[in-house]
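Please examine the sequence and the three-dimensional structure shown here. The paragraphs that follow lead through the structure step by step.

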Amino acid sequence: MNHGKEEKPMDQAFSQAVTHMTPCYQCGTCASSCPVAKITEHFNPREVIRLSLLGERNEVISGDAIWLCCSCYNCHERCPQKVHIPHVLYMLRNIALREGHLPNIYSEFGSALWSNGRLVNVSRFVENKRPILGLPPLQPIGLEALRRILASKGLDKFQKKEEVQ
Ligand code: SF4
Ligand code: SF4
């Protein structure tokens, strides 16, 4: 299906992901096993696979659906064709990340990780509770090492995002 848009040749990464989906015969077992599909109409693993197999690359990669899977693996365990759906979704997410299609919430997590080394800042109130609960004090964050790891995976783009703001 092309809806009149210009057809683009599939890139290698996307066609690799599609290769993992080719055994799918659209039975819908994944969708009926998926806890996320039960609560939102915005995600249906069978539909992501259908669009990918039809070559609707941009719709799949730039959409939010691929980010909604919670990696419960129900679908993978039940698929009669042994399609590893979570793995396929990770592949699609990697492509989306490389191309800058990241939902805002994940960009915010990335920026927080880059600037503070934590996804969520720990308040003084929570920190003061630790000894009462028998927990050791928080250790300092190795921010430099963490940033090196993020940069080695191309995630220094979160730093750039910060600089733009
Ligand atoms: S359960 Fe497997 S074969 Fe059935 S639609 Fe999902 S991926 Fe395709
Ligand atoms: S792994 Fe993802 S797609 Fe599969 S059932 Fe769980 S939430 Fe749904």
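Leaving aside neighbours within four places in sequence, Phe43 is in contact (heavy atoms within 4.5 Å) with Cys34, Val36, Ala37, Val48, Ala65, Leu68, Cys69 and Leu89. The model is predicted, so local features need pLDDT of at least 70 and side-chain atom pairs count only at pLDDT 80 or more, while totals for chains, interfaces and linings use all residues. Residues are numbered from 1 along each chain as its sequence is written, chains are lettered from A and ligands numbered from 1 in the order in which they are written, and side-chain values use heavy atoms, without hydrogens and water.

Phe43 also belongs to the largest nonpolar core, which has 32 residues. A nonpolar core is a set of buried Ala, Val, Leu, Ile, Met, Phe, Trp, Tyr and Cys residues joined through side-chain atoms within 4.5 Å, where buried means under 20% relative accessible area with a 1.4 Å probe, protein chains only. Phe43, Val48, Ile66, Ile85, Leu89 and Leu92 touch the most other members of this core. Helices α1 (12-21), α4 (45-53), α5 (57-62) and α7 each supply at least two of its residues; a helix is a DSSP run (H or I) of at least four residues, numbered from the N terminus. Helix α7 gives the most to the core, with seven residues. Because domain 1 (12-98) and domain 2 (104-164) both give residues to this core, it lies between them. These domain bounds come from an automatic or database domain assignment, and 30 Å separate the two domain centres, taken over C-alpha atoms.

Helix α7 (residues 85-98) also gives the most to the lining of the largest pocket, with four residues.

Key:
Buried < 20%, exposed > 50% of the residue type's maximum accessible area, 1.4 Å probe, protein only.
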